[in-house]
Amino acid sequence: MTNVPDDLLYTETHEWIKREDSDKVRVGITDHAQSELTDVVYVELPKMDRQANAKEPIAVVESVKAASDIYAPVKGTVVEVNKALEADPGLINREPYGQGWIFVLKIDNADELKQLKDAEAYRKQIG
Amino acid sequence: MTHGEYSKTPLYSEHVRLGAKMVPFAGWLMPVQYTSIIEEHQAVRNDVGIFDISHMGQLIVEGAGAREWLNVMLTNNINKLGVGMGQYTFLLNERGGVIDDLIVYRIGEQKFLLVVNAARRDKDFAWLQNHHKEGRSLDRPSSGLETAAPCELMNRSKDFGGVAIQGPRIADLFHALFGKDITLPPRNCIANFPFDGTTVSVARTGYTGEDGIEVFFCATDGVKFWNAVLEKGKPLGIKPCGLGARDTLRLEMCYPLNGSDLSPERNPIEAGLGFFVDLNKSTFIGRDVLLKTTEIGPREKLVSFRMKEKGPPPRPHYAVFQNSERVGEVTSGTISPSLNWGIGLAYVSSAHAKIGADIDIEIRGQKFPATIEKKPLYKK
């Protein structure tokens, strides 16, 4: 069984979202997603200061088998990226909710977070 | 298709029990990995690994005319095979394109075993069956096939299962399984051995670049054999390995994958596999085209390449450039687990397909430099 922490929000496309400040969220991919992808061998991080709309692809996670887009969960601006993934992309497999985070987004409208799934809804989605 | 519509190998329940991630492949539900593609890859490079290859097809050709007929159907020279020997060879269409790459074993004076790719199994059989009938008809006297003495063609794929056991510790494992005094068959050879009340065929072949064997057994003996290998292999560090590791291992060795690097539109000369084609044979299907390709040189060649910088993995269908001119396309690519570096195979126009040449691989609109290198890309 994969791990779905209760204190995070989730997207249909398997990103997790952690609220950091009133206007910042940290984003990564779920345990379920990393397990489906298999060994991650490369991460294309988003550019700093990039602005993105909700559901816009802004990063790429590549496993041995395939490349997968990572989407901005809500509208915002990239203010931090996890450079550690460049040297050690396997962090995503080993610590999907910890050292394997991908970027931090400064969000425009905190209300948009209400449209994301809670842990229970995401658990239901992945069955 | 839902999962219910896929075929399952005799080892399916074992894969599920071991927690494998099962994926559709060539109409089969196969394990892509058990724990990690990279770990499984390393197990084969450093110790030993076992793969389920029961999805592959087994065709039998038997009879007084079997040898002569197969020598017209296949590119390599079957007359080089004594009983118990095997060779890598191609089944081609009239245009010289690859229907399948396979290993043919001579398992009796007049009996041959063809081990073919899962995805092509039924196509191969249908193709051979059509030509088998043709060979006997008299309305095509020019085909050169009608002289063949009779032989029988049988698809025995459903009766057999198989595993590949690969890695440097294979000899220890073989002796643990079959007995201390039993000799491993020499490279590319096949022999039968008694095993726990049944008989299995062991071939010294593989698709990983490591020493290893492929074992074929009655489908009903599959689970028993699989579990015996895992148990005897435990002290040797054996790991069950999935299709993911099978692909990265073969790609480091630049072994072609049918459907990616080989296709009915590509011939073995373009693929750089002319070694397995005997143009001195007076006739075989596709010979005229291959003679011509050899004479004038192939338009494109399959080359192996290595990325110059650490970066995203190359993947099939990415465009290949040289000095901003598009010169080819990637057919296989990955991050090599042994080298921790991007590698791949690509068809590149012959004028640009020189070892040492600089090329660029276009990945998501951005060009990444690479170098055409000698095969294999991985050496111990």
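## The second largest pocket

The second largest pocket holds about 750 Å³ of space. Here a pocket is an open set of points on a 1 Å grid over the protein atoms alone, where a 1.4 Å probe fits, with protein on both sides within 12 Å along at least five of seven lines. Its lining has 38 residues, each with an atom within 4 Å of a point. Closest to the centre are Val41(A), Tyr42(A), Val43(A), Leu85(A) and Glu86(A).

What kinds of residues form this lining? There are 21 nonpolar, 7 polar and 10 charged ones; Asp, Glu, Lys and Arg count as charged, and Gly is among the polar. Strand β4(A) gives the largest share, 5 residues, where a strand is a DSSP run (E) of at least two residues and a helix one (H or I) of at least four.

## About the model

This is a predicted model, in which local features need pLDDT of at least 70 and side-chain atom pairs pLDDT 80 or more, while totals for chains, interfaces and linings use all residues. Residues are numbered from 1 along each chain, chains are lettered from A in the order written, and side-chain values use heavy atoms, without hydrogens or water.

Notes
Points joined across faces, edges and corners; volume = space filled by probe spheres on them.
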